Amino acid sequence: MTHRIGVISDTHGLLRPEIVEILKNCELILHGGDINRQKILDKLEKIAPIHAVRGNNDKEWAENLPETLLLNFYGVSVFMIHNKKQIPKDMDQADVVIYGHSHKYEEKYEEGRIWLNPGSCGPRRFTQPITMAVLEIGEDGSVRVERHEIPHKNQEGPKAAGEELPADIKQRIESVIKDIERGRPVKEIAKKNGIRETLAEQICRLYLTHPGVDADGIMTKMGL
């Protein structure tokens, strides 16, 4: 029998339906941090048992989450931390090391150990792919990594060159922020505010990854 463990990171308050479908076929879920909202963990717990570490954007609500975890699944030891740069130098007891933070998928095999960053499956950062991973653990303790990439409609990124923005963009950004706080999905936010889905996703990403930012700050980061 092969055991499947879903590995995600940097959801930043967004749990995509495509990710949920993949996780439904997993026995366990590991989250590498920057969750941003308790409701993400609540939704994941309804799918499968979850183990998560705290990311740099996980503030007061996540104060009880550990910064590191050392776990054992089906005879395989797994070490988890959000930022790879903070991995202890004397850490040598893990078969698999999982981390996040950079939003970039990374999969390396060194001296019998797997180093895995599942990338980000939350709001898309510029043109980076939306990714997660699944660990397949065999009865003999063998580990195979399965990379999953979620297709994005606009491969040129959220702010496509030449895209015409509404004249009242600041007011729409303010409205989008309110919708984010209400927990509305990106597709619904875009439709409600009369903007492209890629633009709505860019605003959501900037708001969720920069705690405390307002409409003016988002416009500055978008180069407007």
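I began with the second largest pocket and sorted its lining by class: one nonpolar, six polar and four charged residues. For the classes I counted Ala, Val, Leu, Ile, Met, Phe, Trp, Tyr, Cys and Pro as nonpolar, Asp, Glu, Lys and Arg as charged, and the others, Gly among them, as polar.

A note on the source: this is a predicted model, where local features need pLDDT of at least 70, side-chain atom pairs count only at pLDDT 80 or more, and totals for chains, interfaces and linings use all residues. Residues are numbered from 1 along each chain as its sequence is written, and side-chain values use heavy atoms, with hydrogens and water left out.

My terms: on a 1 Å grid over the protein atoms alone, a cavity is a set of points where a 1.4 Å probe fits but cannot get out, while a pocket is an open set with protein on both sides within 12 Å along at least five of seven lines; lining residues have an atom within 4 Å of a point. Points join across faces, edges and corners, and a volume is the space filled by probe spheres set on them.

Back to that second largest pocket: I found about 200 Å³ of space in it, and its lining includes Arg54, Asp58, Glu67 and His82.

Next I looked up the largest pocket, at about 590 Å³. Of its 28 lining residues, Leu14, Arg16, Pro17, Val186 and Lys187 lie nearest the centre. I sorted this lining into 14 nonpolar, four polar and ten charged residues.

Last, I searched the whole structure for cavities of 30 Å³ or more and found one.
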